[in-house]
Amino acid sequence: MRVTFATKPVSLGRPNEDFVAATPDAVVLLDGAGTPAGSESGCSHGVAWYSRMLGSTLLASMTQSTGTLTEILGEGIKAVTSMHDFTCDLAHAGTPSATVVMLRCTGDMLQWLVLADSVLILDVADSAEPLVVCDDREAQVGSRYRSRMDALPGGSPEHQQAHREYVEAMRQHRNRDGGFWVASVEPLVAEQAETGAIRADQVRAAALLSDGASRLVDRFGLATWREALDLLDEGGPAELIHRVRQAERSDLDGSHWPRGKTFDDATAVYVTVSEDAE
């Protein structure tokens, strides 16, 4: 696999709560769930720490273990939980969590795992449209609580308060039946991930996007998934993120595209999967 990626935080001076890392045979992307100002998490380390610890743990295991990606994710969550279970309140509803996308080439197979709302796009041979994998359970739950937040001008004190209330309401549905699932404290959450495998020679390319990058397609509607793949191929991950930032700056108050965050950490990964990738 040939891997290129770009990642950009909301602003300089703020920690990037996304995490991305790769080897020639494996890629992992995490998008940490941020804690709004005024909300507590029970953790002294923070979301960026959690994403980095879990992401680096997963990548190491993906390259060394013969276990399934589900098993690796479960063991990774367990390992990171043990790093701070004596110092932090891991029973707190806001304890750090993250989405996860894992992609690994083993022999002639390409294996993948997606947990929560980061996106995996597979450009499958002999198919005009790509295969898009994303767990939309969080969006389904969130639709019950978004109306007040989306009706307020982005960046206003009222919107910030509504966003904090939205996040705290969503916490009550996190990692529960009928709700949505993210990596956090409980290893069994890994069993809720979407998984699959496909022959590597059937995939021309793949993309991994945090929701701060995928919003070009799934929130702003400024590109199709096919056009996003073409943009990644022609301009690279940094260009896709640049297009996202342009859109965000053109709609600072969210009047055209209502959203919880005016800007978001954005990470895009483009993977070429072919025998002549080098």
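**Close-ups of a sheet and its salt bridges**

View 1. Glu248 counts as buried, at 0% relative accessibility (buried is under 20% relative accessible area, exposed is over 50% and partly exposed lies in between, using a 1.4 Å probe and protein chains only). This is a predicted model, where local features need pLDDT of at least 70 and side-chain atom pairs count only at pLDDT 80 or more, while totals for chains, interfaces and linings use all residues. Residues are numbered from 1 along each chain as its sequence is written, and side-chain values use heavy atoms, with hydrogens and water left out. Arg215 forms a salt bridge with Glu248, their closest N and O atoms being 2.8 Å apart (a salt bridge is a side-chain nitrogen of Lys or Arg within 4 Å of a carboxyl oxygen of Asp or Glu). The pair links distant parts of the chain: Arg215 is in helix H6 (residues 211–218) and Glu248 in helix H8, 33 residues apart. Arg215 is buried too, with a relative accessible area of 6%.

**View 2. Two further salt bridges.** Inside helix H8, Glu239 and Arg243 sit 4 residues apart, about one turn of the helix. Their closest N and O atoms are 2.8 Å apart. Glu239 is partly exposed at 24%, and so is Arg243 at 38%. Elsewhere, Glu165 pairs with Arg148 in a salt bridge at 3.1 Å. This one joins helix H5 (residues 157–171) to helix H4 (residues 147–151). By this rule, the count comes to 13 salt bridges.

**View 3. The open sheet.** Here are 5 strands in the order E1-E10-E9-E6-E7, paired antiparallel (two strands pair if DSSP finds at least two bridges between them; helices, H or I of at least four residues, and strands, E of at least two, are DSSP runs numbered from the N terminus). Strands E1 (2–8) and E7 (131–133) stand at the edges with a single partner strand each, so one side of each has no neighbour in the sheet. From one strand to the next, the twist averages 10° (axes are lines fitted to C-alpha atoms, for helices over the stretch in contact, and angles run from 0 to 180 degrees between N-to-C directions).

**View 4. Strand E6 and the helices on the sheet.** Strand E6 (residues 119–124) runs antiparallel to E9 (residues 203–209), joined by 6 bridges. Asp123 stands opposite Ala205 in E9. Helix H7 (residues 225–235) lies across E6, E7, E9 and E10, at about 85° to E6. Helix H8 (residues 237–249) packs on the sheet, touching E1 and E10 (contact means heavy atoms within 4.5 Å). Asp123 also joins Arg204, Arg226 and Asp230 in a network of salt bridges.
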